[in-house]
Amino acid sequence: MNELDVLSKTCIQIYKSDEYHGSGVLIEVDSVFYVFSAAHVFTQNISEPLALEGFYGQSETYGKIDFDISIGKPEASQKYDIAIIKIDREQKFSNFPSIRFCEDITFPNTPLIFRGTQKSTALKAHTITPCFLDTDTNNEGMFCLKVPLEAYSDMKGNVGADVLGGYSGSGIFIIQPNEIYLVGIAQNIDKDDFTGVNCRSIRAIKDSFIPTMALSDFHGGNAQLKLNIAEIKRNVTQDMIEERKKVNEYGDVENLTKKMDLFMKDWKPEDLDGFIIDILVWKDIEHTKIRNHSSYRDRIENVKAIWASGNKKYHVSSIQQGNNRFHKILDDLTELLKEELEGTSIKSSSSVIAAGEVARLLANCNLDFKK
């Protein structure tokens, strides 16, 4: 299925009587059809409950679409500027494309696409592509798209908000050869960036309007960065663990044992295995997931520099104090990583990265620790 076939079946023009108000996207969730749009398409005062009287949709493929009811609490529509309109089950939409829902949009240079209608006398739908992520999704579920400059004008020379205002409510898609993802809804022109369009993440719709909606990984991108730690650990076989006997394999094991002698009385081989697993898991992640994305590595190195600059030399008088201090170091590094990796797909693995980096530091440290 090509882009035009998909978008012509999902792109909706929204009218009240004969007056064009904005765009929307026709979507099927759990065998129920909805039109997703921006709340301000229906009313200038989004603090009031949506009134659908006189409103209807016009589909490029399916013709006129009668609206049934709006769903969701008014405060959610007000907070997120989202309108979710349920369509009567008697209306049928043949050969409707299978669409997944996804909040993962941070994979580098992923092209996004949306189709809507300009505010012009022609009222013809246009596809805006390629668009790229300009800012990551924030705590309010907003992200900004950088759109092509040519999308900011029409044949009469109108530019900016005069043209793109009509695209409010358009669905934002990632379209791959075999998979289609709806990732959000276009809402307004970004005030700080002339070539930016503010959008609301699909996550806001799931959380506040349709909680049964299932979110998928973006298999063309972020799934490559999603870190299945359990699977990686299963791949760290006992044969690899036994390599600890080789001093310079997987870090300097002799150095690790010196620290363990100092801080862990009567430690067992399984304790050493734990450090080696931390190193191996992070090594696998780094080499197979992010080695081609230097920005991630730069962020991690920046965090380590900040973390190191705030640490002083600590003297401990007991094994318990040493153990507590070690875990405090891990916690501090993890929190710094979470802050630096905010908005990226590896934020959730901050604790794994921190454990691996600390284990590396212990293994590479040549100080001769003594009790």
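**Close-up views of a predicted model**

A search of the whole structure, a predicted model, finds 0 disulfides.

View A. Cys199 takes part in no disulfide, and its nearest cysteine sulfur, that of Cys144, is 7.0 Å away. A disulfide would need the two sulfur atoms within 2.5 Å. Cys199 is buried, at 0% relative accessibility. Cys102 is likewise buried, with a relative accessible area of 0%.

**View B. Surroundings of Tyr167.** Tyr167 sits in the loop between α3 (161–164) and β11 (171–175). With 2% relative accessibility, Tyr167 is buried. Beyond its neighbours within four places in sequence, Tyr167 is in contact with Ser23, Phe114, Gly116, Thr117, Gln118, His126, Ile128 and Ala186. For Thr117, which is 50 residues from Tyr167 along the chain, the C-alpha separation is 5.5 Å.

**View C. The peptide bond from Thr129 to Pro130.** This bond is cis, with omega near -5°. Pro130 belongs to strand β9 (residues 125–135). Most peptide bonds are trans.

**View D. Positive phi at Asp30.** Asp30 is not a glycine, yet has a positive phi of about 55°. Most residues other than glycine have a negative phi. The loop between β2 (19–29) and β3 (32–37) holds Asp30. Asp30 is exposed, at 51% relative accessibility.

**View E. Positive phi at Asn95.** Asn95, also not a glycine, has a positive phi of about 55°. Asn95 is located in the loop between β6 (83–87) and β7 (100–101). Its relative accessibility is 62%, so Asn95 counts as exposed.

Note on methods:
Residues are numbered from 1 along each chain as its sequence is written. This is a predicted model: local features need pLDDT of at least 70, side-chain atom pairs count only at pLDDT 80 or more; totals for chains, interfaces and linings use all residues. Side-chain values use heavy atoms; hydrogens and water are left out. Buried means under 20% relative accessible area, exposed over 50%, partly exposed in between (1.4 Å probe, protein chains only). Helices (H or I, at least four residues) and strands (E, at least two) are DSSP runs, numbered from the N terminus. Contact means heavy atoms within 4.5 Å.
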